[in-house]
Amino acid sequence: MSSDALMEKPNTVKCRCRKHSWYIVLVSFLLWFGLFYLYSSVSVGDNGLGLVDSNEIEVNVSSSDLESNFVHDVDKKEAMVEVSDVNGGEESENETENARKPVSKSLVGGAENVDQIMDLVNELEANNQTMGRENGAGNVDADSSAENDEGEPSKEDDDTRKKDEGIDIVDPSFLGEKESTPVVERGNEDTVLKQKPEKVARRSSIRSKRESMRQKLKQNVDSSSVVQKRAENTARVQSGPTSCAGRYIYIHNLPKKFNQDLLDNCRSLSEWTDMCEYTANYGLGSQLPDYDKVYSRTGWFGTNQFLLEVIFHNRMKQYRCLTKDPSLASAIFVPYYAGLDVGRYLWDSDGFMRDYDALNLVKWLAAKPEWKRMWGGDHFLVAGRINWDFRRDPKNESDWGNELLNLPESRNMTTLVLESSPWNYNDFAIPYPTYFHSSSDNEVFQWQNRMRRLKRRYLFSFAGAPRPNLHESIRNEVIDQCRASRRKCRLLECHDKNNKCYKPVYVMKMFQNSVYCLQPPGDSYTRRSVFDSILAGCIPVFFHPGTAYVQYIWHLPKDYTKYSVFIPGTDVKSGKANIERILQRIPKEKRLAMREEVIKLIPKVIYANPTSRLETLEDAFDLTINGVLDRVETIRQQIRDGKSLNSDFIEDDSWKYFTYGTVGPHEWDPIFANRNLKA
């Protein structure tokens, strides 16, 4: 071997050893920084922002989280937290354990401390960016990286899954996840502890600042307050205007003979009128063309007043808070078409047929388990006629009507009628159906504005016929005074051959041209004309308090002077009252105020189209449901208190108790002392 070769060999070996040593140094360097990065992540994130248990809130200040925490505006984060609080809903036990907990803005107090920590962490992180990229730094912590390497779902995949499952994903700067504490292997821990003193001191500084911040958070926030705030927010949402709490209604599924069969045999409902044309359009009747521009373009129907129970039933089917579980219901609706049923036999002297279906109905109801809950106290039905059609004396079968309202079971229920009895507590009056059935709020607003702009030619008007066979009736006197005031009063007589009173266009046109509309009692206290006049913006003039004031207590103001004029019928009968003079003496300001009040009442006395819903307005149906639910709750409270139903007053004082909440002496006592239905 030559001397040159011998000299080259050591150099070659030396070069290879030196090259291998650089690899070792580089790998050691990277391993050292990797272990340091792992330890720093564990140290800083060990006490991350999360609910470790129900009483402790800790803060995660890992570098990746800190970078994301302050990118977004704090106000946006707070808004996200509030939305999560309200909409979070109930969680199962397993979900609760791993659920993200919302934290209010106050939890981020001391942001300057967080900034300092972030600066320190960023300084440490700057030396190992290469390792950070390899291990997913800035996206997930060391725990997450390890789990992803083992094939577990990534954070992005987990977020996607939570969104698919309906779990709110809130900004991590305000949420903490309860997760297992990262474990550091003993060998790695020893390696980390051998780091340079200055870095250990820096890490200790971070720990002390983190601990200071955590103590501040513990002073300012109690985990129970977060739970309490969520409960309060949820309760506030549940008690809002669209809530069904305490408003659920269950509809009994009656045999068809009590409702649908009556409609299917509509030609048998009346001997003189073909009721089939009135059962169309969910009981609204056929649509009315806009003759003479008296009506608006839509919403007007030829409605028969005795179809109220059909209209109400169809509205009930669209009620927002229906339930199929009677145990959840606050009230139970009985869809019995009582008025259509009894109307077939009112002129039949055989009382057996008039009572037949009514007796079978209460027997069917009493056999149901729902009845025994309050013995019918939470049941209600609509009987689309005046109460006197259902109050026949049980001792006299040849008398008018049937016994429905006098049956023991019916006296426990709430019955809604067109006209109630002032001396009984189990029936309540609701408005007669008018010809207008709006499908939207806008239709109502447009009609109200139109009624405000009208120029009214007549001071007062009257549509009706005399009652010569009724001695106490004031119809004849009213008609005579109207005729005497030719230029001031418009009269529409309803007893001639043409009988324009049955044609809505003539009635509505006259009311729209009148300032005041006279409403004397007829065969009974109440009249459909009352609600037609209100619909036309015409101020009603009453002659008996039983025509409206003690009747429609859920729909009309208690202060009747705001929307009407009262002239005692006895004064008209005796000739003491001159209607024209009384109305002319009313100041213009008072007249305009009353008209405006009447126009405001329009949505409260109409029944909206069952095929749609009003958005912001409450119609006659809505107000009726409110009244029924309040009454049922009163009965329920009486049962809880061990009281007998309606034991706070004697039944003869029902009109005073329900209207004014008192049974003391009243100026109308002499009027209601006379039980003669005709005034």
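Author: A contact here means heavy atoms within 4.5 Å. Among contacts in the chain between residues at least 6 apart in sequence, 74% join residues at least 24 apart. The model is a predicted one, in which local features need pLDDT of at least 70 and side-chain atom pairs count only at pLDDT 80 or more, while totals for chains, interfaces and linings use all residues. Residues are numbered from 1 along each chain as its sequence is written, and side-chain values use heavy atoms, with hydrogens and water left out.

The chain holds 28 helices and 14 strands, where helices (H or I, at least four residues) and strands (E, at least two) are DSSP runs numbered from the N terminus. Of its 679 residues, 47% are buried, a word that stands for under 20% relative accessible area, with exposed meaning over 50% and partly exposed lying in between (1.4 Å probe, protein chains only).

The part to look at is helix 21, which spans residues 504-512 and is mostly covered, since 7 of its 9 residues are buried.

For contrast, you can turn to Glu271, which is found in the loop between helix 12 (260-264) and helix 13 (280-283), and which is exposed, with a relative accessible area of 65%.
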